[in-house]
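Keep the sequence and the 3D view open while reading.

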Amino acid sequence: QLVVEESGGGSVQSGGSLRLSCAAAEIMLEHYAVGWFRQAPGKERERISCISGGDDHSTYYRESVKGRFTISRDNAKHTVYLQMNSLKPEDTAVYYCAADLGYPCQDGVWEFAEYRYWGQGTQVTVSS
């Protein structure tokens, strides 16, 4: 059984929106930092955003998604969301969420820190 699992992927036209969810089983996700990553065919995995756990609500975004994507969490539902607006064909990829009890979502480390728990991914396809 996966510790974290993504959902909400699909196919949309350019300019459309999707909301991805990262739900946790067996762990209390509110204590964990959660990161969103994506991997397009033939390309390396890239990290998109992260949100800190606990009382720290810091968030970070890669430059190409700033202003279009928003990460948030609903602790009552043990879920982290990635709201994606103004989607572009270049956003097409398999999207993954990952969780870690450490501090991977902090200034200076968020762009390369490791995560312990990974989901299997959800496909997002944006057509022009």
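Two strands pair if DSSP finds at least two bridges between them. The model shown here is predicted. In it, L18 stands opposite M84 in β8, and β3 and β8 are antiparallel strands joined by six bridges.

**The four-stranded sheet**

- Four strands form an open sheet in the order β1-β3-β8-β7, with antiparallel pairing.
- β1 and β7 each have a single partner strand, so they stand at the edges and one side of each is left without a neighbour in the sheet.
- On average, neighbouring strands of this sheet are turned by 20 degrees against each other, direction ignored.

**Strand pairs**

- Strand β1, residues 4-7, runs antiparallel to β3 and is joined to β3 by four bridges.
- E6 has C22 in β3 opposite to it.
- β7 pairs with β8 over six bridges, in the antiparallel sense.
- R73 has V80 in β8 as its bridge partner.

**Nonpolar cores**

- In soluble globular proteins, nonpolar side chains tend to be buried together.
- The largest nonpolar core has 29 residues, and V4, M84 and Y95 touch the most other members.
- Among the elements that give two or more residues to this core are β3 (18-24), β8 (79-84) and β11 (122-127).
- β9 gives the most to this core, with four residues.
- Another core, of nine residues, lies apart from it and includes F37, Y60, Y96 and A98.
- Leaving out residues up to four places away in sequence, V4 touches residues including C22, L29, C97 and W118.

How values were computed. Residues are numbered from 1 along each chain as its sequence is written. This is a predicted model: local features need pLDDT of at least 70, side-chain atom pairs count only at pLDDT 80 or more; totals for chains, interfaces and linings use all residues. Side-chain values use heavy atoms; hydrogens and water are left out. A nonpolar core is a set of buried Ala, Val, Leu, Ile, Met, Phe, Trp, Tyr and Cys residues joined through side-chain atoms within 4.5 Å. Buried means under 20% relative accessible area, exposed over 50%, partly exposed in between (1.4 Å probe, protein chains only). Contact means heavy atoms within 4.5 Å. Axes are lines fitted to C-alpha atoms, for helices over the stretch in contact, and angles run from 0 to 180 degrees between N-to-C directions.
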